[in-house]
Amino acid sequence: MTRGVVTLGESMALIRGDGVAGLEHLATARIETGGAEGNVAVGLTRLGVDATWLGRVGDDALGRRVAGELRAEGVHVVAIVDAAAPTGLMIKNTPHAGRTAVTYYRAGSAGSRLTPADLDRIDFAQHALLHLTGITPALSASARETALAAVELARAAGCAVSFDVNLRASLWPAEDPAPVLRSLAALVDIVIAGDDEARLITGSPTAVDDPTALLEALRDLGPREAVVKRGPLGASASAGGEVVHQAAFAVPVVDTVGAGDAFTAAYLARRLEGAPLADAVRTAAIAGAIACTHPSDWLGYARPADLAAFDAVDPVRR
């Protein structure tokens, strides 16, 4: 039986500060987990899509927590325990109302030490889709090599590939990320990008704010399908000869971190079901909006009932 989606990358422990304050003043915090690829895997499983996550964790309590929480969400976890490096860590806090600060401690982490040999644990022929992000190739030379090798193995096995650009500028301190991210986008079937990321990898003028033009520029790189996330302006997608635009949904925003991954998971879930482009983008926009109403990376991700209830007039579900 073919499993739905396989993804690989770094999942980390997450310390989320309670309340509105700088780290120097916070008295309490919560321990959670996060990381784009793991977030997408959780989003997929909550929507009924079989998902597998491959990554490295340290031989430590935080690594066991990362693997355990993903498993608890129904994700098939292929966690390689690396005793020579610690599990990565991210700290998230709200220094001022409406502002989120994220600090990473992931240099030299277990998750950054992925190697192509780790891919021997995955039979890509047993999956319909490989999902990657632009974070993994930024972590290390071996992680970049692994991402490229995964694309090659997936394509050889007849497994489609999706790529969320997911630029993390802090992970590219001494290198222009555009050529690397552009080369990956050229190899995949589905590319997903924020409008600023789309302009970066296509070389479009920064003044251009035409989503249709950005979609065309993305597809000119090679993908058959492109999605542009535009934040409060909504989202747009293109496949075949079709272009659709979806307005954003107004919700009380608590934290936007993780909302893009929720969007991506819902979009991929609907497309794997064979949903029309417009339906997939609308569902993705709802999932992203729901994620914005929760302070955690993925704990508030939507299930089918949440999507169905989104338009309900009565906010109480009985």
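The model is predicted; local features require pLDDT of at least 70, side-chain atom pairs count only at pLDDT 80 or more, and totals for chains, interfaces and linings use all residues. Residues are numbered from 1 along each chain as its sequence is written, and side-chain values use heavy atoms, with hydrogens and water left out.

The account begins with E10, which is found in the loop between strand 1 (3-8) and strand 2 (12-20). Helices (H or I, at least four residues) and strands (E, at least two) are DSSP runs, numbered from the N terminus. E10 is buried, with a relative accessible area of 1%; buried means under 20% relative accessible area, exposed over 50%, and partly exposed in between (1.4 Å probe, protein chains only). Leaving out residues up to four places away in sequence, E10 touches G34, G35, E37, G88, R106, S109, G111, S112 and L139, where contact means heavy atoms within 4.5 Å. Two of its neighbours are also joined to E10 by polar contacts: the side chain of R106 at 2.9 Å and the side chain of S109 at 2.5 Å. A polar contact is a pair of N or O atoms within 3.5 Å; within protein, one must be able to donate a hydrogen and the other to accept it, and residues adjacent in sequence count only if both atoms are side-chain atoms. E10 and A110 are 100 residues apart in sequence, yet their C-alpha atoms are 8.3 Å apart in space.

N166 is buried at 8% relative accessibility, and its phi is near 45°, a positive value in a residue other than glycine.

Helix 6 (195-202) comes next in this account. Its buried residues are D195, E197, A198, R199 and I201, and what covers them includes helix 5, strand 10, helix 7 and strand 11. The helix is followed by G203, whose phi is positive, near 75°. In the loop between helix 6 and helix 7 lies S204, which is buried at 16% relative accessibility. The side chains of S204 and T202 are joined by a polar contact of 2.7 Å. Not counting residues up to four places away in sequence, S204 touches R199, L214 and A217.

In helix 7 (residues 211-220), the buried residues are P211, L214, L215, A217 and L218. Seen down the helix axis, these residues fall within an arc of 165°, so they line one face of the helix; the arc is that of the directions from the helix axis to the C-beta atoms. The face turned away from this buried side carries the exposed residues E216 and D220. The cover over the buried residues includes strand 10 (190-194), helix 6, strand 11 (225-229), strand 12 (235-239) and strand 13. At the start of helix 7, a side-chain oxygen of D210 reaches to within 3.0 Å of the backbone nitrogen of T212. The helix is followed by G222, with a positive phi near 145°.

The loop between strand 11 and strand 12 holds R230, which counts as buried at 15% relative accessibility. Apart from neighbours within four places in sequence, R230 is in contact with D195, D209, P211, A235 and S236.

The structure holds 1 aromatic pair. F249 and F310 form this pair, which is edge-to-face, with 5.3 Å from centre to centre and 80° between the planes. Rings of Phe, Tyr and Trp (its six-membered ring) pair if their centres lie within 6.5 Å; planes under 30 degrees apart count as stacked, over 60 as edge-to-face and the rest as tilted. F249 lies in the loop between strand 13 (242-246) and helix 8 (259-272) and F310 in the segment after helix 10 (304-309), so the pair ties together parts that are 61 residues apart in sequence. F249 is partly exposed at 22% relative accessibility, and F310 is partly exposed with a relative accessible area of 22%.
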